[in-house]
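I opened my notebook to look around a structure that is new to me.

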Amino acid sequence: MRKEEREMPPRTKRHAKTGKSKKPLLWTLAIILLLIIGFVVYFFGSIFKNLDDFNKSGENSPFKNVVETVDVETPEPPKWEGTEPVNILLMGVDARGVKEGEVPRSDTMLVASLDPVKKKFYVFSILRDTYVSIPDRGKDRINTAITHGPNVAMQTVSDLLGIPIQYWVYTDFQGFIKLIDAIGGIDYEVEKDMVYKTKADGPEYDIDLKKGFQHLDGNMALQYVRFRHDATSDFTRTQRQRGFLKAVADKMKSTTSLIKLPTILSAVNPYVDTNLTLNDMWKLANVGYQSSMSGSEQIPPMELLVEEKTSGGSAVIGIRSNEELKQFVQETMSDPEPTASPEATDDSSTTETGQ
């Protein structure tokens, strides 16, 4: 017998050695799998918990002292298997100097209309001095509607635009700052130097931005969307806000922001209230992630606004024709998708062939 054959270990021992080497690998894979499952459970559990806490009630709600005596109709949310869009009223308020339990006037009012079939959404920014009829309250600036409660605000905006408003979301300056910081800020083009300082607001709300492309943190972003000391004042500001909102939406859809979603939701949670349920938010988030902004308009548009004066003599923004305004909203949301011209199609085909 050769020396090599005598030194070779028995077959059974070789098999046992190989079997033992697999066990640590299997245990490692099992531990990794458990860690992944644990992370997923924590990740989605944290998301659900924070989303559920957005819908506040009782002492946790900023509207705890508001009694809505007016009987307003709140439409049922559309069936997501259907074709009806969902319209959400977004209200940002300036709570500085407001007494405990009081609801401040809205500094910003936006309506986001989401079409689940076209996977498109439209944004309408409402000028805060627009003079409208508030249900059971008479005529007043639209930014006062929220002081009577969110349902009154929804009905007021619904009557103005001619579309049902199913949901509302309410936040203040601090909520906006926390959101921008939580998503890591926004790289954005500031179109000009913006400077505004007043002793009444205090130095923490001074505006001092330089022109140019730059990284905006939460505080700088708030300065940008608040600035209204242009020749056209609030008209330019609402346009600026719509553009910045699109940049925020794009950033929120990025992979990095999705990973940080539990942290983002936790940061803004104390500053947000809404009538959206957890199920509503989950469905909206799913459709919204797949959608893109298709239109962005000011309400009322320049061609329909007129300057009026209240009984007290202060200037407000009036509407030349309520029916024309509602038609304008419908036309904005029903614009057909742009189609490429035959020449453009031919050019693109040639380019692809050339490549």
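What share of the contacts in the protein chain with a separation of 6 or more comes from residues 24 or more positions apart? I looked it up: such residues account for 68% of those contacts, where contact means heavy atoms within 4.5 Å.

A note on the ground rules. This is a predicted model, in which local features need pLDDT of at least 70 and side-chain atom pairs count only at pLDDT 80 or more, while totals for chains, interfaces and linings use all residues. Residues are numbered from 1 along each chain as its sequence is written, and side-chain values use heavy atoms, with hydrogens and water left out.

**Entry: overview.** I found eleven helices and 14 strands in the protein chain; these are DSSP runs numbered from the N terminus, with helices (H or I) of at least four residues and strands (E) of at least two. Of the 355 residues, 41% count as buried (under 20% relative accessible area, with exposed over 50% and partly exposed in between, using a 1.4 Å probe and protein chains only).

**Entry: two helices crossing.** I checked helix 3 (residues 150–161) against helix 10 (residues 322–333): their axes come within 7 Å and cross at roughly 90 degrees. Axes here are lines fitted to C-alpha atoms, for helices over the stretch in contact, and angles run from 0 to 180 degrees between N-to-C directions. The two helices are therefore roughly perpendicular to each other (65 to 115 degrees; under 35 is roughly parallel, over 145 roughly antiparallel, the rest oblique). On the helix 3 side I noted Asp-159, Leu-160 and Leu-161, which meet Leu-325, Lys-326 and Val-329 in helix 10.

**Entry: aromatic rings.** My search of the whole structure turned up four aromatic pairs. Rings of Phe, Tyr and Trp (its six-membered ring) pair if their centres lie within 6.5 Å; planes under 30 degrees apart count as stacked, over 60 as edge-to-face and the rest as tilted. Phe-176 and Phe-244 make a tilted pair, 6.2 Å centre to centre with 50 degrees between the planes. Phe-176 sits in helix 4 (residues 173–182) and Phe-244 in helix 6 (residues 234–252), 68 residues apart.

Why does Phe-244 count as buried? Because its relative accessibility is 1%. The rings of Tyr-188 and Phe-244 have centres 5.2 Å apart and planes at 70 degrees, so I logged the pair as edge-to-face. Tyr-188 lies in strand 7 (residues 186–190) and Phe-244 in helix 6, so this pair ties together parts 56 residues apart in sequence. Ring pairs link Phe-176, Tyr-188, Tyr-224 and Phe-244 into a cluster.
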